[in-house]
Amino acid sequence: TVGKGPARVPPMGLKPEQLLSLPLCPLGTQVTGEDIAIVERIRQNSIPLGELALVDTGVVAHMPGGSREDLLFSEPGVNRVPYADAKEFFAGVHRWLLYAPERMHRAKSRKMFENPKIVIQRIRGRQTLKAAVDRSGVFLGHTCTIVQPHDKKMDLEALLFLIQSPYMDAIMKIERGPSLDLYPREVANFPIPKRWLDNPKLAFDVSLSLCGDERGSLERWFPVGFDS
C-alpha cells in the first residue's frame, strides 16, 4: 500500500513475510498463519529426508536428441537390466534396458537401483503421493524419484508409511501449494520427526506430539474423502 508499507496478501490476509517464509510462497491458497506456525514447529523437531537418504531421479535412458527406444527391449539379454518408468512400475511390469552409460544422458549409479529403495511417482498433480518399496533391483526412469537411506538398517516399510502419511502431504501443500511434482528437491525436504528415528513404530502425528487443534488444522489439507 502506497505510503503504508506492504499490504496483507489475499485471500487469507497474511503478512508478506509469513508467505515469504515458505519455500515456494504459494499465493492464492488457503494457508493461514496458524498453518505456518505449525509447520515451523514441525520443522524444528524434524530432519530433512535428504540428510538421511540419497534422493535422486531415475535414469534418462538416452542422449540428448536420441531415443530411449534404442536401448529398450522386450526380452533379457547381455548387459540388459530390468527397467520401468513410473506407469510400468506401479502396474507391476517392466522391460529390459541395455545399460550403456556412454549412450545415456543420466546413467546414475547401478547400486541406486540394485539395492533396496523406495520408488515415488514424480508426476503427482493434485493426486496423493504414490510410492512403493522395491527390492527386485529394477532400474527406474526419470519419471520416478528414488529414496535410498544411508543407514541400510532403516526399515523401508516404516519409512514408506511415514512418507505416505496424509500429515506429510498436508505439510508439503502448506509450504509449496496443492499441486506439486515430486522432484528430488521436494522429496528431500520431507520432514522426518526426530522421535520417529528413535521409534519408527510411531505414527507421524504421534512422533511430533501434535495436539488436537494442530491435527485439525493439518487435516483441512487432507485429500477429499480421506478418513482420518
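1. Let me start with a term: a residue is called buried under 20% relative accessible area, exposed over 50%, and partly exposed in between, with a 1.4 Å probe and protein chains only. With that in hand, S209 counts as partly exposed, because its relative accessibility is 48%. Please keep in mind that this is a predicted model, in which local features need pLDDT of at least 70, side-chain atom pairs count only at pLDDT 80 or more, and totals for chains, interfaces and linings use all residues. Residues are numbered from 1 along each chain as its sequence is written, and side-chain values use heavy atoms, with hydrogens and water left out.

2. You will find S209 in the loop between α9 (204-207) and α10 (212-219). Helices here are DSSP runs of H or I with at least four residues, strands are runs of E with at least two, and both are numbered from the N terminus.

3. N79 is another non-glycine residue with a positive phi, near 65°. N79 sits in the loop between β3 and β4, and it counts as exposed because its relative accessibility is 55%. As background, most residues other than glycine have a negative phi.

4. Now to the sheet that β3 and β4 belong to. Four strands form an open sheet in the order β3-β5-β4-β8, and the pairing is mixed. At its edges lie β3 (72-73) and β8 (139-140), each of which pairs on one side only. Two strands are taken to pair if DSSP finds at least two bridges between them.

5. Have a look at β4 (residues 80-84) beside β8: they pair in the parallel sense, over two bridges. A84 stands opposite L140 of β8.

6. On cysteines, the disulfide count comes to zero, where a disulfide is a pair of cysteine sulfur atoms within 2.5 Å. C144 counts as buried because its relative accessibility is 0%, whereas C211, at 37%, counts as partly exposed.

7. Finally, the whole chain. The protein has ten helices and ten strands, and 45% of its 228 residues count as buried. Taking contacts (heavy atoms within 4.5 Å) between residues at least 6 apart in sequence, 67% join residues at least 24 apart. The protein exposes about 11,900 Å², of which carbon and sulfur atoms supply 53%; accessible areas come from the Shrake-Rupley method with a 1.4 Å probe, and for residues only the protein chains shown count as cover.
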